[in-house]
Amino acid sequence: MHPDLVPGGRLPDLELPDHSGITRTLTELAEGDPLVVQFFRGWWCPKEQSAMRALVRLQSEAEVAYTRFVSISIDEPVALSAFRAGLGARWTFLSDSERRYQEQLGLRETTDTLYRPYVPTVFTVYPDLRIHNVYNGYWYWGRPSNEDLRQDLRAITRELRSDWAVGS
Amino acid sequence: MSWCWFAVVDEAKVSGALASAAAYDLDGRSAGLLAAWPSSRKPVPHAVRMDARVVDAEGAAAWVSLVEVAADRAPLFDDPAVSGALRAVLSGRRLDAVTTFVRDSSRFAGSLSVSRTDGTELGVLRDDPFARIRPARLLRVEAGLLGSVPPPPGPVIQRYAGQPWPAAGF
């Protein structure tokens, strides 16, 4: 992983096609809200399928909490769209099928030389893409649990929303 | 500007509009003019607020699904029927643009869903999730009013300080 991708660093404003084929940027997708950026291997990986199902369970909280998710893999948009629909996910998936950012970010899965996917990595970031936390999911238990994400998003939101302490 | 005024009017009432375009029903009969105005003084009494990104004076003709909800029948945005429709829009097939309408801080006043993609527009719009709340009108809208806006990033369904969904920002 690139040495700048640590808490306090900043994710580049990646520009990639979404699951509909429309080019999007991370800052556009954040729209001023806290963002979970998830790099995943691909639809075929059973670990990803399990992790994705967990994230789907969190989306009902995120959708009322002004919090965005973005998932990124090397799958083509049409595959992402089908995977997303099958999961019942309601957030944006981005396709880096050309692996434009893999080397820049240092997030190539070196043990899979067939698909050359992203190494599973999750960032929790502020709307300006400043990194709050990073999770290396090469080993499954390195991934954030929904409780980890909930605590990160609470911390980001507390800092972001000037009226967090209203009433106290 | 995150929102603008919207109304269906006759030709005499579009002065000061950002953009307007004639609309026709499936039988080709006139359905009036769809018009959008800047977010200043309310242009006509029945105008509602919508996401301003939908308006594009250079936009091509499109099919729309228009849901208009009378003030005395407007459900809360927090009504599960409305929340369910927002979720269905986020997980469904892509539209060229979508916006809800608002009159106040808490009630759903309708929606405008735009499609002009690949010849399946009417099929997509006939599945308009907002039409489960109140009946929708399918209309052909001429060029000069409606743009193309990327689908709303998810999974947020809450609105920001009474803004029309999916307009973002507090």
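Colleague: Which residues touch the most other members in the largest nonpolar core?

Modeller: Keep in mind that this is a predicted model. That core has 55 residues, and the ones touching the most other members are Phe6(B), Ala36(B), Val114(B) and Val141(B).

Colleague: What is Val141(B) in contact with, leaving aside neighbours within four places in sequence?

Modeller: Ala21(B), Ala23(B), Leu34(B), Ala61(B), Ala62(B), Val64(B) and Leu146(B). Apart from that core lies another one of 36 residues, including Trp91(A) and Phe69(A).

Colleague: OK, on to strand E6 of chain B. How many of its residues are buried?

Modeller: Six of six, across residues 97-102. Ala97(B), Thr99(B) and Phe101(B) point one way, while Val98(B), Thr100(B) and Val102(B) point the other.

Colleague: And which strand is E6(B) joined to by six bridges?

Modeller: That's E7(B), residues 108-115, and the two run antiparallel. They make a hairpin with five residues between them, and Thr99(B) sits opposite Leu112(B).

Colleague: Switching to chain A: where is Gly32(A) found?

Modeller: In the loop between helix H1 (26-30) and strand E3 (35-39) of chain A.

Colleague: Why does Gly32(A) count as partly exposed?

Modeller: Because it has 16 other C-beta atoms within 10 Å, and buried would take 20 or more, exposed 12 or fewer.

Colleague: What does Gly32(A) contact beyond four places in sequence?

Modeller: Pro127(A), plus Ala168(B) and Gly169(B) from chain B. Also, its C-alpha is 9.3 Å from that of Leu160(A), which is 128 residues apart from Gly32(A) along the chain.

Key. Residues numbered from 1 in each chain as written. Chains lettered and ligands numbered in written order. Predicted model: local features only at pLDDT ≥ 70, side-chain atom pairs only at ≥ 80, totals over all residues. Helix = DSSP H or I, 4+ residues; strand = E, 2+ residues; numbered from the N terminus. Pairing = 2+ DSSP bridges. Core = buried A, V, L, I, M, F, W, Y, C linked by C-beta atoms within 7 Å. Contact = placed C-beta atoms within 7 Å.
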